Amino acid sequence: MFEITARPIAVADVVAAVTRPDCGAVATFVGVVRNHSRGRTVSYLEYEAYAEMAIPKMREIAAESSQKWEIAAVAIVHRVGHLEVGEASVVIAIAAPHRRAALDACAYTIERLKEIVPIWKKEVSPDGSFWVGMGS
Amino acid sequence: MQVQVRFFAAAREAVGAGERVVRLKDGSTVGDLVEQCAREHPGLGPLMPSLMIAVNREFAKSSDVLREGDEVGMIPPVSGGGDV
């Protein structure tokens, strides 16, 4: 499951997409809109994606993880559009026979996602709005 | 030749459009295209040092030669989360 969606992400659906009888572990990461950033109040976020490139890049990350760890299934769902504080912007679920591989692959996936998947966020605060880059 | 250029996030706002068809001399490189876009859209200037380019949805180098009909994505640094 590799998706970009404008609708709220249901974590349980992402977990269900990778859960398998031969896997004893499902590791998840949920990125959530925070109410502050770099000293400013965040009112809401706007996410934008280059979807035609982002989905293949998500698949590429899953392939990298499968080379590095013994994992069975990867799901990555990223939200776009207007997100309020507390909403999930990204959900990752990784199933593996054993927990260590699932946890390590999950941590790797969120880091790589921020490096190579073309998705951007604009932080809108009472002082103005700012596109957020990698270094911030 | 013509290529389709797509602009995202801060680059999209600087250009005022999500995509443009750009005419280039045959044999032009990614770097040539970026220079031309920067001349036509001075607002892209501050983004230039950190801009990444994708050709046909794969990251490209500035020396890569473009072909007729290529889709070129102008990619500012991707989403935040530098604080781990």
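Where in chain B does Asn56(B) lie? Here are my notes, with that one answered in point 4.

1. First, the ground rules. This is a predicted model, where local features need pLDDT of at least 70, side-chain atom pairs count only at pLDDT 80 or more, and totals for chains, interfaces and linings use all residues. Residues are numbered from 1 along each chain as its sequence is written, chains are lettered from A and ligands numbered from 1 in the order in which they are written, and side-chain values use heavy atoms, with hydrogens and water left out.

2. Start with the layout of chain B. You'll find two helices and five strands, and from the N terminus on they come in the order β-α-β-α-β-β-β. Helices (H or I, at least four residues) and strands (E, at least two) are DSSP runs, numbered from the N terminus.

3. Now the overall dimensions of chain B. The C-alpha trace spans about 45 × 25 × 20 Å along its principal axes. A compact globule with 84 residues would have a radius of gyration near 12 Å, and chain B agrees with its 13 Å. (That radius is taken over C-alpha atoms, and the globule rule is 2.2 Å times the number of residues to the power 0.38.) Of the 84 residues, 48% count as buried; buried means under 20% relative accessible area, exposed over 50%, and partly exposed in between, with a 1.4 Å probe and protein chains only. Among contacts in chain B with a separation of 6 or more, 53% are between residues 24 or more positions apart. Contact means heavy atoms within 4.5 Å.

4. Back to the opening question: Asn56(B) is in the loop between strand S3 (52-55) and strand S4 (58-60) of chain B. Its phi is near 50°, a positive value in a residue other than glycine. That's worth a look, because most residues other than glycine have a negative phi. Ala9(B) also has a phi near 50°, but Ala9(B) lies in helix H1 (residues 9-15) of chain B. Ala9(B) is buried, at a relative accessible area of 1%, while Asn56(B) is partly exposed at 44%.

5. Gln36(B) belongs to helix H2 (residues 30-40) of chain B. Its relative accessibility is 17%, so Gln36(B) counts as buried. What does Gln36(B) touch, not counting residues up to four places away in sequence? Val22(B), Arg23(B) and Leu24(B).

6. Over to chain A and its helix H2 (residues 51-68). (The expected span is 1.5 Å times one less than the number of residues.) Buried residues in H2(A) include Met53(A), Ile61(A) and Glu64(A).

7. Leaving aside neighbours within four places in sequence, Glu64(A) is in contact with Tyr108(A) and Arg112(A). The C-alpha atoms of Glu64(A) and Ala105(A) are separated by 9.3 Å, although the two residues are 41 residues apart along the chain.

8. Lastly, Val32(A), which sits in strand S2 (residues 25-32) of chain A. At 46% relative accessibility, Val32(A) counts as partly exposed.
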